Amino acid sequence: MNLPARGGCHCGALRYEIDAEPIDSGYCHCTDCRKTTGAPALAWATVPTDAFRFLKGTPKTYRSSSTGERLFCGDCGAQILFRETPDPIYVDINIATLDVPEAITPDYHIFFAHRIPWFDTQDNLPRFAAREPTA
Ligand SMILES: [Zn+2]
Ligand SMILES: [Zn+2]
């Protein structure tokens, strides 16, 4: 992909860039991702925290679980990223908020057992019932 890669929320209040290739990417079907995005699944890409920065605006933060929080636009509601707390080494950006989202392709599905039954994608990617196994 071309770096830095830029993205932002729908209304333009938040703009960001990443300046490193993602080390991981996939779809998450968990309830937290669904309920915080309002979408049937979330496609994310993991980059080092140091490789991500906001160029414009200040996001709102929502703690979605005991171990993580989501940053989103307080004006239009678009969720930009997920990070584990309190001191994340990596952040997960929401691929759909990139200006060129096709630059990153998801590699697998997690929490597939939690998906909405009518929702699936046409691919042969690995589908993990919960988290991906760690190597
Ligand atoms: Zn916005
Ligand atoms: Zn999730």
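**Loops, sheet and core**

A: Let's start with a loop: Pro86 sits in the loop between S8 and S9. This is a predicted model, where local features need pLDDT of at least 70, side-chain atom pairs count only at pLDDT 80 or more, and totals for chains, interfaces and linings use all residues. Residues are numbered from 1 along each chain as its sequence is written, while chains are lettered from A and ligands numbered from 1 in the order in which they are written.

Q: Which peptide bond is cis at Pro86?
A: The bond from Thr85 to Pro86, with omega near 5°. Another cis bond runs from Leu3 to Pro4, with omega near -5°. Pro4 lies in the segment before strand S1 (5–8). Most peptide bonds are trans.

Q: What do those S labels stand for?
A: Strands. Helices (H or I, at least four residues) and strands (E, at least two) are DSSP runs, numbered from the N terminus.

Q: How many of each does the protein chain have?
A: One helix and 10 strands. Along the sequence the pattern reads β-β-β-α-β-β-β-β-β-β-β.

Q: Is it compact or stretched out for its length?
A: As compact as a globular protein of that length, because its radius of gyration is 14 Å, close to the 14 Å that the globule rule gives for 135 residues. That radius is taken over C-alpha atoms, and the rule is 2.2 Å times the number of residues to the power 0.38. The C-alpha trace spans about 35 × 30 × 30 Å along its principal axes.

Q: Now the sheet. What order do its strands take?
A: S6-S7-S8-S9-S4-S3-S10. These seven strands form an open sheet with mixed pairing. Two strands pair if DSSP finds at least two bridges between them. At the edges are strand S6 (60–65) and strand S10 (109–110), each pairing on one side only.

Q: Which strands pair with S4?
A: Strand S3 (residues 24–28) does, antiparallel, over five bridges. Strand S9 (residues 90–94) also pairs with S4 in the antiparallel sense over five bridges. Tyr27 has Ala43 in S4 as its bridge partner. Trp44 has Asn94 in S9 as its partner.

Q: Is S4 enclosed or open to the outside?
A: Largely enclosed by the rest of the structure, because five of the seven residues of strand S4 (residues 42–48) are buried. A residue is buried if 20 or more other C-beta atoms lie within 10 Å of its own, exposed if 12 or fewer, and partly exposed in between; C-beta atoms are placed from the backbone.

Q: Which residues touch the most others in the largest nonpolar core?
A: Cys28, Trp44, Ile80, Ile93 and Ile95, out of 29 residues. S4 gives the most to this core, with five residues. A nonpolar core is a set of buried Ala, Val, Leu, Ile, Met, Phe, Trp, Tyr and Cys residues joined through C-beta atoms within 7 Å.

Q: What is Ile95 in contact with?
A: Leaving aside neighbours within four places in sequence, Ser25, Ala43, Trp44, Ala45, Pro101 and Ile104. Contact has a cut-off too: the two C-beta atoms, placed from the backbone, lie within 7 Å.

Q: Last topic. What is the phi of Phe111?
A: Near 55°, a positive value in a residue other than glycine. Most residues other than glycine have a negative phi. Phe111 lies in the segment after S10.

Q: Buried or exposed, that Phe111?
A: Phe111 is buried, because 23 other C-beta atoms are within 10 Å.
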